[in-house]
Protein chains: 2
Amino acid sequence: MLPPKQNFSEWFHELIQQAEILDVRYPVKGLYVWFPFGFKIRRYVYEKLREIMDRDHEEVYFPTLIPESVLRKESQHIKGFENEVFWVTFGGSTPLDVKLALRPTSETPMYEMFALWIRTHADLPLKVYQIVNVFRYETKHTRPLIRVREITSFKEAHTVHRNYEEAEEQVKKAICYYKEFYDFLAIPYMVIRRPDWDKFPGAAYTVAFDTIMLDGRTMQIATVHNLADNFSKTFGITYEDVDGQHKFANQTCYGISERCVASMIAIHGDDNGLVLPFEVAPIQVVIIPIPYRGREDEVIKACRDVAEKLKKFRVLLDDSEDRPGAKYYKWELKGVPVRIEIGPREVENGEVVVSFRDEKKKFSLKVEELREEKILEWAKEMRERLRRKAVENLKSMISFIKELSNLDAKGVKVFHLCENRECGLEIEKFGVSLLGWFEEIPDWMNFPKEGECIVCGSRGKLAASAKTY
Amino acid sequence: MLPPKQNFSEWFHELIQQAEILDVRYPVKGLYVWFPFGFKIRRYVYEKLREIMDRDHEEVYFPTLIPESVLRKESQHIKGFENEVFWVTFGGSTPLDVKLALRPTSETPMYEMFALWIRTHADLPLKVYQIVNVFRYETKHTRPLIRVREITSFKEAHTVHRNYEEAEEQVKKAICYYKEFYDFLAIPYMVIRRPDWDKFPGAAYTVAFDTIMLDGRTMQIATVHNLADNFSKTFGITYEDVDGQHKFANQTCYGISERCVASMIAIHGDDNGLVLPFEVAPIQVVIIPIPYRGREDEVIKACRDVAEKLKKFRVLLDDSEDRPGAKYYKWELKGVPVRIEIGPREVENGEVVVSFRDEKKKFSLKVEELREEKILEWAKEMRERLRRKAVENLKSMISFIKELSNLDAKGVKVFHLCENRECGLEIEKFGVSLLGWFEEIPDWMNFPKEGECIVCGSRGKLAASAKTY
């Protein structure tokens, strides 16, 4: 049995194990095993991400091991990662001449090579991505999918442009790609520009996607960075422009980790287990025969006919020995979006009983109406229901405040804030993180866009704070 | 310019860089960067491998980092890998309590968990695979794709069965899967059972796939191991059988590394560059307009119409400013299987000129005959030509010998050998490796299956030796 979702932290941990997403019993802190079922979800989620990235990027693969000298080239960057880098120091029993870092992210090895790849303006823009394992020596409390020592599928994109404006343009595109991706997963988000002191180490600025958990803490689920020419100056990424001049390139990078899977599980799941959007569910339709002594054969035959009819989808006919109640329990836990039950009465009437994972109600449908288009329509409706519910939940945990003393209540606090660093730091004295300023105001958010800074009273823009994962 | 293929080693190294498969300039020995073009080949090759594996296995992901205690559990196994393991010893500036190995392969972390996963006969067989990066501290001469310190896409499958017979059955199936895979790549192979002293550390026996390079050295491109109950006894993988008894499971594992890409490049390539089977070519059809002053527009229009007609495939219309000769050179280097040229004469006649990457001849074809089925037919014929050519080449480098003194000549030597260890070791005194005994005799090999052992004269079976990669 799962703990109720209200006990969010335990519920999440138990669900990850019981629904067979990850095995949390691997004998190293912060490392987990993807079960076959969990891996399928990961595969479908990342297939979508890959499809989106492939439109505007080419996939590459850079080595996992980074020589210390390369990692240390950009001084701001290494400061940000220094304490969390795993170091390889031995090959067999031989100490290595050069210490090798396990990539925490791939700016440095990539940009070392980009300096060789880029010669002239004709080589630009360069837009690549990779989906790889990256490593962080997390000393804080680790959590499966959320705070881990091996991110097993980090999607990192890196682009190189002629000037700042083109990099800026790419940042906007990246935000659009990520919106499409999270809309696909029915995950609501806030697009927020991080404070300068909380940006990616080495970036000009950072825009992040934050979503919210049931306990009122936010989780960063994507970041987009404009690197300007900070890295290109360090790594010597120059190009000969049309005018013959040699110029430093401008760069961006943006990433999504398996927190995309975490957020989907955490936000849509309920007391009974996973609730998965149709497109990423390993089993999309489960067919459960309702046995009745002496009529098993016709029931099973009807089930098989329906399975055959829906074979374009990932359909499972559960003809195991378990009782129907046990099957309901099992497939609810696994988040199967569509359940079809067939008993003797349905066989007689040429019907099936349908229910959706995210709704309580059941209804009957004539078999001939059970067509591919019907299922796809349900899938679309379900995604919309999940999205609406998640947005409502997000909204319910956001409040607009005008008094600093209200900052530490549960949830996301929205207020006006000027760009003065002192004012920002004042916010964080209340034990919350200043997420930053809204880069875009969500269409469901109606707070005034500008107003008096909650700290100093001068002109401020819409900002948000929360406790974070 | 490429060196001629006769200078195999330089040719291979140059081709990998010039055709933009891997960038060999990464500043750590034995580590390479996959260029976008190379990555696409890798992706198509591994999609096929995944498709084959998915029929009989589920995909999983196990952590990259293995605690020393787990890696050392199986004493034979660790002996085989001890000298090539990279060790992570620091997180940030903190020495780790437990040294962590970068997986050289995943038997130990997987089997540690399998012991938790498997309870009864109902949990068996268990068949999983993963495609992951693995690490070997190679001290010998490294070579891109062939001998590397990070194998970026190691496909390893692991299965658990009730008894030895079922494991044996799975070994046979695995051999079939790998044959299908290499047939798809038009790579010929010899299926050979390794001598006992050269088997996988911890296995009962090892069957390997060997193919041959132009310099007469063989390359191991796949291995299949029956582990019997060796590992299950160490890791405590037991199950309750139908009779209520607790028994040790039997296991197999089998793997393919990116040497599959290496062999495809090395075997099919020629003096002009890559020759790729149609199915895995990043660009399958290139269309080259032959310009003629004043008629550029109609030529380009005809090219676009053909591109549109073939859009189901990966088609590139090269309308760059380069001269046709430069385009031929470039796309031959990149191994594009089908080239279509269109000039004013072709426009007038409603024709195209077609040539295939692996053949010298060109021919004309009416545009209306240029249909999808036609292209697929060409793809099939081309694969068959590549396969035949590769088999002919393999055959030409195999000779049957009756005298030990002939062992050290170039190529593969086939002879009769008994199973006596001393006789086997005698072979290796000639500076070659004893590959082992043929598990299956290829249909194109007509040597007598049994005969007198080339060393001691007692009854022997068909065996092979060669210099190896």
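B:Ala228 belongs to strand S11 (residues 218-228) of chain B, and has a positive phi of about 50° although it is not a glycine. Most residues other than glycine have a negative phi, and most peptide bonds are trans.

B:Ala186 also has a positive phi, near 60°. B:Ala186 sits in the loop between helix H6 (164-184) and strand S9 (190-193) of chain B, and is buried, with 23 other C-beta atoms within 10 Å.

## Reading the model

This is a predicted model, in which local features need pLDDT of at least 70, side-chain atom pairs count only at pLDDT 80 or more, and totals for chains, interfaces and linings use all residues. Residues are numbered from 1 along each chain as its sequence is written, while chains are lettered from A and ligands numbered from 1 in the order in which they are written. Helices (H or I, at least four residues) and strands (E, at least two) are DSSP runs, numbered from the N terminus.

## Two cis peptide bonds

In chain A, the peptide bond from A:Leu124 to A:Pro125 is cis, with omega near -10°. A:Pro125 is found in the loop between helix H5 (107-117) and strand S7 (126-135) of chain A.

Turn now to chain B, where the bond from B:Leu124 to B:Pro125 is cis, with omega near -5°. B:Pro125 lies in the loop between helix H5 (107-117) and strand S7 (126-135) of chain B.

## Strand S5 in chain A

Strand S5 (residues 86-91) of chain A and strand S5 (residues 86-91) of chain B run antiparallel and are joined by five bridges; strands pair if DSSP finds at least two bridges between them. A:Val88 has B:Val88 as its bridge partner, and A:Trp87 stands opposite B:Phe90.

Within chain A, S5(A) pairs with strand S6 (residues 94-102) in the antiparallel sense over four bridges, with A:Phe90 opposite A:Pro95. S5(A) and S6(A) form a hairpin with two residues between them, and A:Gly92 in the turn has a positive phi of about 60°.

## Where the chains touch

Across the two chains, 43 residues of chain B are in contact with 43 residues of chain A, contact being C-beta atoms, placed from the backbone, within 7 Å. On the side of chain B that touches chain A, S5(B) gives the most, with six residues. That side has 27 nonpolar, seven polar and nine charged residues. Ala, Val, Leu, Ile, Met, Phe, Trp, Tyr, Cys and Pro count as nonpolar, Asp, Glu, Lys and Arg as charged, and the others, Gly among them, as polar.

## A helix pair in chain A

Helix H2 (residues 36-54) and helix H6 (residues 164-184) of chain A pack at an angle of about 155°, with their axes 10 Å apart. H2(A) and H6(A) are therefore roughly antiparallel to each other, a term for angles over 145 degrees. The contact is made by A:Lys48, A:Leu49 and A:Ile52 of H2(A) and A:Tyr177, A:Glu180, A:Phe181 and A:Phe184 of H6(A). By class, this contact has five nonpolar, no polar and two charged residues.

How values were computed:
Axes are lines fitted to C-alpha atoms, for helices over the stretch in contact, and angles run from 0 to 180 degrees between N-to-C directions. Angles under 35 degrees count as roughly parallel, over 145 as roughly antiparallel, 65 to 115 as roughly perpendicular and the rest as oblique. A residue is buried if 20 or more other C-beta atoms lie within 10 Å of its own, exposed if 12 or fewer, and partly exposed in between; C-beta atoms are placed from the backbone.
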